[in-house]
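Have the sequence and the 3D view open as you read.

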Amino acid sequence: MAQKLRRKGYGRKAVDGALERCRELGYLDDARTARMMAGHLVARGYGPLRIRQVLGQKGLEETLVERVMAAGESEDNQVRAAKKALEKKASRLGRESDPWKRRQIAYRFLTGRGFSSAVVNRAIDDISLLRK
């Protein structure tokens, strides 16, 4: 917000005053913003690596991002989220007759979504469509 205000030509004193007032009113809460954004990205099927990247790009402090990520980051939860994301790819995976290629497609998709290779391998091993 500070950067936007400065780009619009507001001085340091005005920007600092506006930011302080917004904090007092509860409009600026980085922790809440990080939790909400992380929850939204998880719901859309993204993994922790991608979520960390997005939150970092939004200018949130690394320690805050790590705190938010640690709150819901069990590997079992990640495997469930990865399997759910793969369910959306089931029709594409089903069209591929070669099991090795199906596995490669799934692997690339999930790593691109920000899941670690350990989580991806567990998720792929659990999905029957990929074992045929």
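Start with arginine 103 and aspartate 125, which form a salt bridge whose closest N and O atoms are 3.1 Å apart. A salt bridge here is a side-chain nitrogen of Lys or Arg within 4 Å of a carboxyl oxygen of Asp or Glu. Arginine 103 sits in helix H8 (residues 99-112) and aspartate 125 in helix H9, so this pair ties together parts that are 22 residues apart in sequence. Arginine 103 is partly exposed at 25% relative accessible area, and aspartate 125 is partly exposed at 42%. For those labels, buried means under 20% relative accessible area, exposed means over 50%, and partly exposed is in between, with a 1.4 Å probe and protein chains only.

A quick word on the ground rules. This is a predicted model, in which local features need pLDDT of at least 70 and side-chain atom pairs count only at pLDDT 80 or more, while totals for chains, interfaces and linings use all residues. Residues are numbered from 1 along each chain as its sequence is written, and side-chain values use heavy atoms, with hydrogens and water left out.

Which other pair involves helix H9? Look at aspartate 76 and arginine 122, whose side chains meet in a salt bridge of 2.8 Å, N to O. Aspartate 76 belongs to helix H6 (residues 75-87) and arginine 122 to helix H9 (residues 117-126), so the pair ties together parts that are 46 residues apart in sequence. Both partners are partly exposed: aspartate 76 has a relative accessible area of 42%, and arginine 122 has 32%.

Arginine 21 and glutamate 24 form a salt bridge, with 3.4 Å between the closest N and O atoms. The two lie in helix H2 (residues 12-25), 3 residues apart, which is about one turn of the helix. Arginine 21 is partly exposed at 47% relative accessibility, whereas glutamate 24 is exposed at 53%. Overall, the count of salt bridges comes to 6.

Lys4, Arg7, Lys8 and Lys58 form a positive surface patch; patches are made of residues with over 30% relative accessible area and no salt bridge, with like charges joined within 9 Å and nonpolar side chains (Val, Leu, Ile, Met, Phe, Trp, Tyr) within 5 Å.

Time to zoom out. The chain has 9 helices and 0 strands, where helices (H or I, at least four residues) and strands (E, at least two) are DSSP runs numbered from the N terminus. The C-alpha trace spans about 65 × 30 × 20 Å along its principal axes. The radius of gyration is 20 Å, while a compact globule of 132 residues would have one near 14 Å; the radius is taken over C-alpha atoms, and the globule rule is 2.2 Å times the number of residues to the power 0.38.

What about the inside? Buried residues make up 31% of the 132 residues. Among them is alanine 85, buried at 5% relative accessible area, and its place is in helix H6. Alanine 85 and glycine 26 are 59 residues apart in sequence and 34 Å apart in space, C-alpha to C-alpha.

Technical notes:
Accessible areas come from the Shrake-Rupley method with a 1.4 Å probe; for residues, only the protein chains shown count as cover. Lys and Arg count as positive and Asp and Glu as negative; His and the chain ends are not counted. The place of a charge is taken as NZ of Lys, CZ of Arg, CG of Asp or CD of Glu.
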